Amino acid sequence: MIDVYIGLLVLWPVAAGLASLGQRSPATRAALVMATAAVLAAAAVGLATQAPLTASPAFLASATALHVAQAAAFLFPAFFLFQGLKEKHALVIVFALMQLALAAFGEFGLAAPAAVQTAVAVDGLALALVLVVSLVGSLICIFALPYMKHHEEHLHLQTSRQPQFFMILLAFLGFMNGLALSNDLHVFSAFYEATTLCSFLLIGHDQTAEAKQSGLRALWMNSMGGVFLHAGILLIQKQHGLADIQALVNPALWSGMSLLPLALLAVAGCVKAAQLPFQAWLLGAMVAPTPVSALLHSSTMVKVGVFLCLRLAPVFEGTTTGRILTLAGAMTFLGASALALGQSNAKKILAYSTAANLGLIIACAGLGTPLAIAAGTVLLVIHAATKGLLFLCVGDMEQAIGSRDLEDLRAVIAKTPVTALAAVAGSMAMILPPLGMLVGKWAVLEAAAASPVPVVVIAMVMMAVGSALGVVCWVRFSGTLMSGVAVGPQPAHTSPLSTGLTTGPILTLLAGAVGLGMAAPWLNALLLGQGNPLAGGWGLLPPLFIVAMLGWIIGLKVLGRQSQARLATPYLGGLPQAQPGSYVGPLGRNWTLSEGNEYATEFFGEPKLTRLAGIVALALLLALVGGALL
Amino acid sequence: MNLNTFSLALAGLVLAPLLGGVVAGVDRVVTARLQSRLGPPLLQPFYDVGKLWSKVIAPASHWQGLFVRWALAASLASDVLLAAGGDVLMCFFVQAASASFVALGAFCGSSPYSKLGAQRELFQLLAYEPVFMVAILCLAKAAGGFDALSIMAAQGPLLFKLPLLVPGLVFVVLVKLRKSPFDIAASHHMHQEVVRGVYTDYAGRDFALLEIAHWADVTVVLWICSFLWATGPVQMLVTGLVFLFAAVVIDNISARLTWRTMLGRVAPITLILATANLVWLYLE
């Protein structure tokens, strides 16, 4: 049965993707996507009931499968090389060639590693990623059905390109599941390259000049990550003759040895997780249709990076390499949070916030204690649901008003109340106690405080500042969506574009984000394998839930009463005027009122801050590799 | 949860906001004396809230009543957490949630002054939150635990281990008490340039509840400051009063700064001092 679950999780989406390639009928496509969502959800839950477990299903363990993985080490870089030559992109060519050289060296220059114990190992972390991919990822694919229809109507395409689009989208989920489950480094790296390929194709999907450029940027950066990954894997193979991930993450194996291979893998993780200074590919990804960015940000691509780092984390505990990784993660948390604050582009805010939160997870991985790893895994799961929700909301509002700028989204609550309120709830889930993101942050801080080293203090201070930046960013975001209107007509309620296929995923993700956020103590206890979920400070959370519930009930009651009330005349320091957008102010003159947020660009301006934070982050990553080298 | 914790929590729920109201009264009396005025009676803040409670005024937004109550719930929860000897860091986060709700309610208002105030409120949050959080990390490190009980049970006054926290905590108190030079988001008098900033659109009963939430916040902040000398209840009370008096004096001798100065100068300097203190604790 376990083999069937695993087979469905990995192979079904790929097969469904291939099947959708031949389908030009939207109804069949929708049926395929829905069926995939149902199959993935069922298989993931089925697997969860059996975890923790090990298995060796034939399609991942047989000699043929390993040959395919070996061939993939050549085929993916060869395809990247072809793309690089076609687009005359030097960096893509260089990194593809390096990957090919490493693959050749691994194939012909090194002895084959010992066979892995089991092809699949499912622990809490792997299961977390599988659930995220299968549930959140599937919901995003469903949201994509109406979105892409509208998107293509907007672009006036002659022939629909949705078959290709959904093929990649669905196959992506299968590759992600394969990556989460595989216990063989070579199979893992094949899936890793497959996700690079998928993201390249999806980002470039619209085929505009900007989309192509962003796609190539994602390709060269992630192939660079691939170079680090392959170099790390080959070094491990050389030092230990191993490819078994479970065997590798044993601190005893590494005692007294250089952690260079693991540092290289961690850098590969940082590239995938769009950590500073590699955030550019993720920012570029927002040119793609919203479901793509939602998928890349929440449940797929970037989660590969943090998954890899968390996987290696037990070895990092108490090591210099781990501490530098914590600093690097905290630096991204700080830098990307500050960058998010200076943005008015809603999707850029989301993108920087993604990089920031992943930085926090990577900081957890660097700390490497069981508490920190559990906190990081909880953050991974809850971030996926919350960020997926926020992306879908912004995408829906963008289609409704034709802009993704926060200033244009001002008071959008009057136009698209359901989506706007879901976005507000999502933003609150990012920052408010007792929900999971905040609780995760709190757990990381307390886990870090237990570390005896002053270096970690700097990381803690960075987390403190980053946390405040995040609160400000999300409160301002939701406040702007809910903003009241002083002069001029109240914005009219536009007829909703949203169908059940749009609001369905949004509301499900909303329930998931809030529900998971509330389940954080229990998730944490499950991951730590401890009986009492409310041990230590966690016991505070149930009383806080009760307070939150009471507040919720009282608040809604008052809302019900006030929503009937006639509103006061806006206070303007003048009289409202018949002309929209103006009022009679001092000197009896007619003044035009315009409102806008303060983005404080002298502090959080993108060009300067990107350079500064990028240099510091790069120095930390160099120190990570250099320190391990010495 | 045992009975003792429960009664402490209940006491925190009832007494903390009352204490905050008395603090507001003391503040007004002392300020008046500093300015050679007679000033209002000590209980004037309570009369004010009573009068606000009796007013029925049309709200500026349908959402404000909701956010006010959430802010009040969060502020009271942070009091209760502290009174029951809970985790101080979580107490801090809960209080930050209250501040977020106040700003959100102001964003929902219709007056541009309200929204301007909300923006400034957020910049204030950005300025004081990091240093306050680092101060709590310092207290926890020096006392050996994050819960209020172990911080209050620390051997001897923590002040001598944490001298560099004082500027940061004074800054936090000034901001949270909405005192000059950091009364940036909400001025005390509505003839000033932001009118009443973040409070502009709150009125009547909602505003009365917000005032109570503010009292609860003030108690939490002064209470955390008093951890610097927590060798006994009297010492803690005196420490809290010293911080309050310092804030009142500074309020009376300084003029409002801009948010740029606060964010660009004051916040980094106090944060660096607190960080230095934290590093020092870890090096010891």
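Two residues are in contact if their C-beta atoms, placed from the backbone, lie within 7 Å. The exercises below concern a predicted model.

**Exercise 1. Describe the overall build of chain A from its contacts, burial and dimensions.**

Solution. 
1. Take the contacts in chain A between residues at least 6 apart in sequence; of these, 82% join residues at least 24 apart.
2. Turn to secondary structure: chain A holds 25 helices and five strands.
3. Compare the radius of gyration with the globule rule. The value for chain A is 24 Å, close to the 25 Å that the rule gives for 630 residues, so chain A is as compact as a globular protein of that length.
4. Finish with burial, which applies to 59% of the 630 residues in chain A.

**Exercise 2. Determine how helices H16 and H17 of chain A are arranged relative to each other.**

Solution. 
1. Two packed helices are described by the angle between their axes and the distance between the axes.
2. Here H16(A) covers residues 320–341 and H17(A) covers residues 346–367; their axes are 7 Å apart and meet at an angle of about 160°.
3. Angles over 145 degrees count as roughly antiparallel, and the angle found therefore makes H16(A) roughly antiparallel to H17(A).
4. The handedness of the crossing of H16(A) and H17(A) is left-handed.
5. Sorted by class, the residues in the contact of H16(A) with H17(A) are 16 nonpolar, eight polar and one charged.

**Exercise 3. Characterise the side of chain A that touches chain B.**

Solution. 
1. Count the residues on each side: 52 of chain A are in contact with 55 of chain B.
2. Identify the elements of chain A that give two or more residues to this side: helix H20 (436–449), helix H21 (454–481) and helix H23 (541–562).
3. Find the main contributor: H21(A) gives the most, with 15 residues.
4. Classify the residues: the side of chain A that touches chain B has 36 nonpolar, eleven polar and five charged residues.

How values were computed: Residues are numbered from 1 along each chain as its sequence is written. Chains are lettered from A and ligands numbered from 1 in the order in which they are written. This is a predicted model: local features need pLDDT of at least 70, side-chain atom pairs count only at pLDDT 80 or more; totals for chains, interfaces and linings use all residues. Axes are lines fitted to C-alpha atoms, for helices over the stretch in contact, and angles run from 0 to 180 degrees between N-to-C directions. Helices (H or I, at least four residues) and strands (E, at least two) are DSSP runs, numbered from the N terminus. Angles under 35 degrees count as roughly parallel, over 145 as roughly antiparallel, 65 to 115 as roughly perpendicular and the rest as oblique. A crossing is left-handed if the near helix is turned anticlockwise from the far one by less than a right angle, and right-handed if clockwise. Ala, Val, Leu, Ile, Met, Phe, Trp, Tyr, Cys and Pro count as nonpolar, Asp, Glu, Lys and Arg as charged, and the others, Gly among them, as polar. The radius of gyration is taken over C-alpha atoms; the globule rule is 2.2 Å times the number of residues to the power 0.38. A residue is buried if 20 or more other C-beta atoms lie within 10 Å of its own, exposed if 12 or fewer, and partly exposed in between; C-beta atoms are placed from the backbone.
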